[in-house]
Amino acid sequence: MNRNEILRYLRTSSRVEDERLFSLIDECCDEVNACVKPKTLHRIFDCSVDEDSLRIGDTVFYSTRLADNLKGCRRVCVFGATLGTECDRLLRTYSATNIARSMVLQACLASKIEEVCDDLEDKLRAEGLVPRQRYSPGYFDLDIKENKKIFELLELTKRIGLTITDTYQMVPTKSVTAFIGIEND
């Protein structure tokens with residue numbers, strides 16, 4: 001995992017030469033790599049975009065910013081990704097027993113889920129597609145409630161075990177849903 005990215009999540013500088021912190025980061029990265037079981041699911045859909053919404057079949061996602069991000073795209077990749085339930089267990093354990101380790105673990109897990117999402121984008125590029133920047137529910141004017149539509153569209157609970165609460169939070173917590181516009185061929 002990228003140490004500079006982890007330091008960014010910890011809101012500290014890589015210029016700080018703190019061997020204890022670096023050692024703790026390395027230990028947490030090893031623990032994360034040993035326990036995570038990433039699962040992803042993506043589908044590419046035909047879509048239409050107008051000034052304030054994205055339409056995939058009969059499903060409409062309302063967001064002016066998302067629509068602006070996807071302007072001109074005729075296809076969109078919709079995906080879900082998770083690191084698995086073991087991460088939540090580790091976070092609960094360390095948050096009760098070792099706050100410093102819990103904070104570093106949180107940063108390592110955030111970096112790891114981003115790595116999983118970046119890998120999906122790389123896979124799209126390897127298939128000859130040109131992806132735009134990913135965009136997730138909860139950003140700007142794309143309401144987090146729109147996650148429910150993504151879950152239904154992809155059957156995320158059935159297919160990768162990702163669930164959504166009645167307050168639209170995902171379980172396991174280190175999970176992402178997003179849209180990636182596909183540039184026209």
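Contact here means heavy atoms within 4.5 Å. Helices (H or I, at least four residues) and strands (E, at least two) are DSSP runs, numbered from the N terminus. The model is predicted: local features need pLDDT of at least 70, side-chain atom pairs count only at pLDDT 80 or more, and totals for chains, interfaces and linings use all residues. Residues are numbered from 1 along each chain as its sequence is written, and side-chain values use heavy atoms, with hydrogens and water left out.

**Stop 1: helix 4 and helix 5**

Select residues 85-97 for helix 4 and 99-126 for helix 5. From helix 4, show Cys87, Leu90, Leu91, Tyr94, Ser95 and Thr97; they meet Ile99, Arg101, Ser102, Leu105, Gln106 and Leu109 in helix 5. By class, this contact has seven nonpolar, four polar and one charged residues. Ala, Val, Leu, Ile, Met, Phe, Trp, Tyr, Cys and Pro count as nonpolar, Asp, Glu, Lys and Arg as charged, and the others, Gly among them, as polar.

Now look along the axes, which are lines fitted to C-alpha atoms over the stretch in contact, with angles from 0 to 180 degrees between N-to-C directions. The two axes come within 7 Å and cross at roughly 155°. Helix 4 and helix 5 are therefore roughly antiparallel (angles over 145 degrees). Their crossing is left-handed: the near helix is turned anticlockwise from the far one by less than a right angle, and clockwise would be right-handed.

**Stop 2: helix 2 against helix 5**

Helix 2 passes helix 5 in a right-handed crossing. On helix 2, pick residues including Leu21, Leu24 and Ile25; the helix 5 side includes Ala100, Val104 and Lys112.

**Stop 3: the loops**

Go to Pro172, in the loop between strand 7 (170-171) and strand 8. The peptide bond from Val171 to Pro172 is cis, with omega near 0°. Next, select Phe140, in the loop between helix 5 and helix 6 (147-154). Its phi is near 45°, a positive value in a residue other than glycine. Most residues other than glycine have a negative phi, and most peptide bonds are trans.

Methods
Parallel < 35°, antiparallel > 145°, perpendicular 65-115°, else oblique.
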